[in-house]
Every structure is written in C-alpha cells, then in structure tokens.
Amino acid sequence: MSVDRRARIGLRLLALGYLAVLLLVPVALVFYRTFEKGIGFVWESITTPAAIHALFLTLEVALITVPLNAVFGVLAAHALVRSRFPGKRLLDALIDLPFAISPVVVGLSLLLLYGRTGWFGPWLAEHGIQLIFSVPGIVIATVFVSMPFVVREVAPVLQEIGDEQEQAAATLGASPWQTFWRVTLPAIRWGLAYGVVLSTARAIGEFGAVSVVSGKIAGETETLTLLVEKRFQNFDLAGAYAASALLAVIALATLGFMSVIGSRRSES
Amino acid sequence: MSVALPLPRRRSGAGIPSGGLAMGASMLWLSILVLLPLAAVVARSLDGGVEAFWDSVTARQAVGALRFTLLISLGTAAINAVAGTLIAWVLVRDRFRGKSVVNALIDLPFALPTIVAGLTLLALYGPGSPIGVNVALTKLAVLLALLFVTLPFVIRSVQPVLLELDREMEEAAASLGAGPAVIFTRVILPSLLPAIFSGAALAFARAVGEFGSVVLISGNIPFDTQVASVFVYKQIESDNAGGAAAVSVVLLVLSLLVLVAIRWLGAWGSRLER
C-alpha cells in the first residue's frame, strides 16, 4: 500500500508541477509585474483615452455579438435536436467549423468578401458602407469565431430533457411561442448561461480575426487585445502588462461564473 | 469549449419533416456568416488558376511554415495526450486540498485572450525572465505557447469518461494479482483511448490555426519559428491575398479532416460505452 501511496503522490506532484510551470506561475508573474509599480500606475495606464476607448469598444462588440450568438445558438440547437429535416447532419457538422479554423483565415475570408477588392467591396463602396477597418467588421469577425459556443452547450440539454413537456404544453393549447418561453427556456437556462459566458469571454478576448479586419486605428477600431499588442510592440511593457491584467481579471471572472453555473446546473 | 460529438439519432416518430423554420434560419445564418466568406477564400486562391495556387503553396517559405506548423502541432497533441491524461487522472482519482480550485483553473487558457497568453509566457520565459530562462524567438517558445492554449482539451475530454468508469473491473484485476501498471494499461487505458484521441485531435486543430499566443513569442523567423497562421497574416499585410488564400485553403482542408476524425472518434467512443 505504501508504494501505491508514493506513486499517487508522485503523479500528483508531476501533474501539479506541469500546471504550475505552464500556467500558474506565468499568470501570477504577470499580475506581480503589473502591480510592481504600484496601483496608481496601473490605474493611469488603463484610464488613458486610448485604453478607455479600447475598453468601451470591446464591451460594445461583446454586447452586440453575444445576443446574436444566443439567439442563433438556441435556434440552431432546437433545429439540431427537435427538427426532422434532411440536411440536419450537415448543419451539425458545419457548426463546429469556426472552432477549427484559424482566426487569421477568418479575418482573411471577411477581407475577401467585404474588403475594397472583395466580392461585395465595390457594391458596398458605392453605397457608402464601410465594414472592413471599422466596427461592423470587428463585430462580424467576432460573431464568426464565437458562433458555436451557445449551440454546443444548449443542444445536449435539449436532447436530455426530451420533448414530453413541450408536447404536453402544446396539447393543453399553448402556442409554440408560449411553449418556448414557459417550458423550453426555463429548462435550458443553465446551458444557455454557460454558452453565453463562454461566448462573452471569446468575444472580449478575440485577437487574430479582429487584428486582420480592424485596421488597428487608434481611438477608433482598437480593441483591448489590439491595445496589448500595440503597447508591447512600442516597448511599453508596463502598459501592455496593465491592459493584460485587466483582460486577465475578466478571464478569472469568467471562470468564476463558469463554476457557479456549473454547480447550479448539476443541482437542477 | 468542446466540439460536441454527433448527436445520437432520434427515433423519428412519424418521420414527417418538422421544425423547418428553425432549420432554415440556422442554415441561412451559417451560410452567410461562415460558408460564404470561406467560399471567397477558396475562390481567391484559385483566381490565378490551379498553377498559381500550386506555386503559392509550394513556395519555399510557405512549405517551411506549413511543415513546421504540422510538426509542432503533432508534438503539442502528443504531449497533451500524456500530460492531459495524467492531470485528468489526478483530478478524478486523487484527493488533496485545493483540488477544486485547480480544477476550475484548468479552463483559464480558454478564458484568457490569446495575446495575453503569449505575453504571460514571455514574462516568465522571455528576455526579462526572473529565473534566467530566455527561450523567446525559438521553436521551444512556440511549443510552450501551443501547450498553454491547448491545455484543457484532453483533460476536459478524459475527465468525464474517467468519472463514469466502472471501478469494479479495476478491483477485479487487482484481486487477480495485477499491479497498478498492468491495471492502467490493460483496464483503464483502453476505455480512455477514444477520449484521449479526440481531445488530442481538438488540441491539434487548435494548434494548427493558433495565432494570438504565438505572434509575439515566436519572432516569426522564416524557416525557423514561422507558423502558418503568422505566415498568412504577413501575406495579408504585404497585400498578397492570393498567397494568403492558398495557404489558408491548406489550413482549411486540415481543419475539415480533423473535424471528420473527431466525429469518427466520437462514434468509436459511444460504441465502446455499449
């Protein structure tokens, strides 16, 4: 038994050591480096006009993206689980595409569609609409990359709860809309919440796709992640750390929400 | 962030098509936002004909970037398969203080923006390293970044399977005199394999396309640390959309192959369960 115990502790140390070296120590160090110069410095660094603009732009993009993803996610999950239609398996397979594609390729694809020389470029220019190098482009890119989260969280829940209750409601004379609001939505709420949290985190943190389509115009199309990159490249390491710490705090909050929702979910 | 396994087929009662509206709307949304842009990439890559496509893909720098991406992603997937299984095992079978915190932190790479991940690794393993280890601008740095961002995939894929695993088989094996190593390789590992492989496949797919965490730390040195996604980015910056599109198509094909492989692994996993 003592050999077994020793092996167990050895494996534990190995696993925790790997996590420490790869994940925990680097993240802790960034926080340490950020606050090394005092909280006043950090505050100044994340309240410059450029930083405030970047923060609000990032939040704006997330606020537009996430509701779109939520609506599409519930709709698509419903279609995947409840509908009987040819092409269902195709939809099921295609929904994961955004997870498997490089963010740079996502950005490129939008350039080739909506950019100056893209398929719709001339038409858009004629009508005075600019998508690329402006906020709408950032939103479209973010919707693309964060599309599957809600679907993939809601579909298994819908599958599990079955459709008996929905059918009972319909038999009792509820309209499809009433059935959805009163029966389906309450049942999928934790799955939906989980998907929304994941989707928000990705929307706030997206870098590659946004970096291609935004044009990185300071004070206009610069999101928080782009600000981190710019500060780093301008040798403003402390500023880059401060903006990173802000994003890391958002990430940690995301983890907090995830574990709260996770435990609520397993209760219900 | 899990790519779901194919949903089991429902017993279709009457077999009447229903829910067409939700289906149609979802398909339309997906087509406009995802399929149409991807079609534009494929079309652009073939603008100059198949020969131009071939020339772009086989250009020395493109081949170098693609080969490096492929090899380092395979390495990332392999290391993840081992480390992820180990961590999942410790999180499920071991008991120690603070386990739930560690368990929650596993998802940090998914929640943390990739550019921050890159900067984070640079802080510890870059020029100003407090431990005197500077691997920035080397292949090892790229590997570290990829291991960081893909950490959760295998763990999160193996954990639920390990939780559900029947302990009786292991006890039976132990009572028949099998040692821990034999029990692991003969009893536990076979049931975990589909989950390990699909987690590793997800990690591979993510590594092949990864950009944000690699862009700062790799230094983007052609024929050395330049990965495919950064190569594509540089082509876009230098206004070579054709070259960027050609290499992107190769990456797209790779993604599709991995998605197909994951579905196949999912089917294998559910067959094992029965």
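Me: What share of the contacts in chain B with a separation of 6 or more comes from residues 24 or more positions apart?

Reply: In this predicted model, residues 24 or more positions apart account for 80% of those contacts in chain B.

Me: What makes a residue of chain B count as buried, and what percentage does so?

Reply: The criterion is 20 or more other C-beta atoms within 10 Å of the residue's own. Of the 274 residues of chain B, 47% count as buried.

Me: Which residues form the side of chain A that touches chain B, by class?

Reply: The contact between the chains draws 81 residues from chain A and 73 residues from chain B. Helix 1 of chain A (residues 2–35) gives the largest share of the chain A side, 18 residues. That side has 57 nonpolar, 13 polar and 11 charged residues; Gly counts as polar in this division.

Me: What domains does the assignment give for chain A, and how far apart are their C-alpha centres?

Reply: The assignment gives domain 1 (1–35) and domain 2 (37–267) of chain A, with C-alpha centres 32 Å apart. Their contact takes six residues from domain 1 of chain A and seven residues from domain 2 of chain A. On the domain 1 side, four residues are nonpolar, one is polar and one is charged.

Technical notes:
Residues numbered from 1 in each chain as written. Chains lettered and ligands numbered in written order. Predicted model: local features only at pLDDT ≥ 70, side-chain atom pairs only at ≥ 80, totals over all residues. Contact = placed C-beta atoms within 7 Å. Helix = DSSP H or I, 4+ residues; strand = E, 2+ residues; numbered from the N terminus. Domains from an automatic or database assignment. Buried ≥ 20, exposed ≤ 12 C-beta atoms within 10 Å, placed from the backbone.
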